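Work through the exercises below with the sequence and structure at hand. Each task is followed by a stepwise solution.

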Amino acid sequence: MTDVSTKRAMSKEMLLLIAAVGAAVIGVLFYNVMPLYLGSMQDSLHLTASQIGFVASAFFLGFNLASASSYFWVRKLPIRSTVTACVLVMAALLGLSAFVVNYVGILALSSLVGAASGAVASIAATLVGDAKNAARWFGVKVAAESFGGVVLLFVLPVALVPALGFKGTIIGMLVLIGLLFPLLAFLGKSPIGESVNEATGLSDGAARRFSSGDTISGGVAGRPSLVALLWSRRAVWFGIFAMLLFFVGGSGVWAFEERIATNYGFDPAWVGGVLGISLIFAVIGPLVSGAVGQKFGNRVPFIIACICTVMGILALAGSSQVAFYYALGACGFMLGWGGGMPFIYSKVAMEDPDGRHLALTIPAIGIGSMLGPAITGMFYGDGSIVVLQWMSVITVALAAVLIWFAHTQASPVAARA
């Protein structure tokens, strides 16, 4: 391949991956602005806290079902048309939700928005996983997703929500979707495997390790074929469950971070500023981890990210009457939590035997985000932070253990491990 054709292939691949990152931002947009979305909806429609909770549950129901089902179709459907259709449906449903006041209708719309979001997020994650330097691009992906949420969480309460309420939240989300939508034109027309090969200019003989119909087969002597199959894929399942546990622990803290500050008597305005600043660390962490993972692998850097997350949790828990500890804990927690995600994505991608398992990290995130606040809320009613603290520390530690052992000598991309 000549220098000109090589540069052209690199340019096409970069455009494809930038488009995938843009799709990822759209896919998790609802999730990242959910506190503001639900809060402005409650204020505008006068819903109860219980009703708002079911709206979130309806979203996660659709999100998890669609993303979990992607295991069967994510490498078979054409990327551009599938993502474009899902994004258009998502935008239309969001626009419609600004005018629906019937509670059953609100739940139905939330579930459908969740389904469209989950499908887009799954395709984007799988596409990034096929990149040659997946670790770096997973860092960019997570950082971009966080940045999209940060922008709206800072801008909407000042610019649109005070005057327009819930409709202002919807308008802001639609504007961001509209700004990102042109990037989808750079997605391939073919299924993921073929689109990546076309973008990189690889021939069939040098094609990426996955195509739309790849499968894995084989067995271990003396074991039934099903057991052998499960055993051969143990590393990728360790990674998927690590993502679930990482989000159980992280989302449990994030959901009650403001309540912790209230219990400790910190000034609400100051707390809001600290939480806003901490979101910036959720952008910095993935960018740093993307570069680190490309150079040093995933296991040891992920352990360091988990240590940072745990130290942040402990600082938050021990910050009673010490505001500096709270601020330090909030920023350290977000740095570690945001920085740890790309390592899990990258590890699952490396160990994925057929290119379809990576999409299952998306429902793992959704399930973890449901379980974390629910488990924490069961024990936080008395204002005690002890259970929250150790539940989060233990689940993050277990995620670190799983990633450490999520390794097989026969890894599909052992050269990159």
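**Aromatic rings and one backbone angle**

There are 17 aromatic pairs in the structure. Rings of Phe, Tyr and Trp (its six-membered ring) pair if their centres lie within 6.5 Å; planes under 30 degrees apart count as stacked, over 60 as edge-to-face and the rest as tilted. The model is predicted: local features need pLDDT of at least 70, side-chain atom pairs count only at pLDDT 80 or more, and totals for chains, interfaces and linings use all residues. Numbering starts from 1 along each chain as its sequence is written, and side-chain values use heavy atoms, without hydrogens and water.

**Exercise 1.** Classify the pair Phe59 and Phe60.

Step 1: the ring centres are 5.5 Å apart. Step 2: the planes stand at 70°, so the pair is edge-to-face. Step 3: Phe59 and Phe60 are both buried (under 20% relative accessible area; exposed is over 50%, partly exposed in between; 1.4 Å probe, protein chains only). Step 4: both belong to a cluster linked by ring pairs, which also includes Phe30, Tyr31, Tyr37, Phe63 and Phe166.

**Exercise 2.** Classify the pair Trp237 and Phe241.

Step 1: the centres are 6.4 Å apart and the planes 40°, a tilted pair. Step 2: both residues lie in helix H12 (residues 234–263), 4 residues apart, about one turn of the helix; helices are DSSP runs (H or I, at least four residues), numbered from the N terminus. Step 3: Trp237 is partly exposed at 30% relative accessibility, as is Phe241 at 47%.

**Exercise 3.** Describe the backbone and setting of His46.

Step 1: phi of His46 is near 60°, a positive value in a residue other than glycine. Step 2: most residues other than glycine have a negative phi. Step 3: His46 is in the loop between helix H3 (34–45) and helix H4 (49–73). Step 4: with a relative accessible area of 68%, His46 is exposed.

Methods
Helix = DSSP H or I, 4+ residues; strand = E, 2+ residues; numbered from the N terminus.
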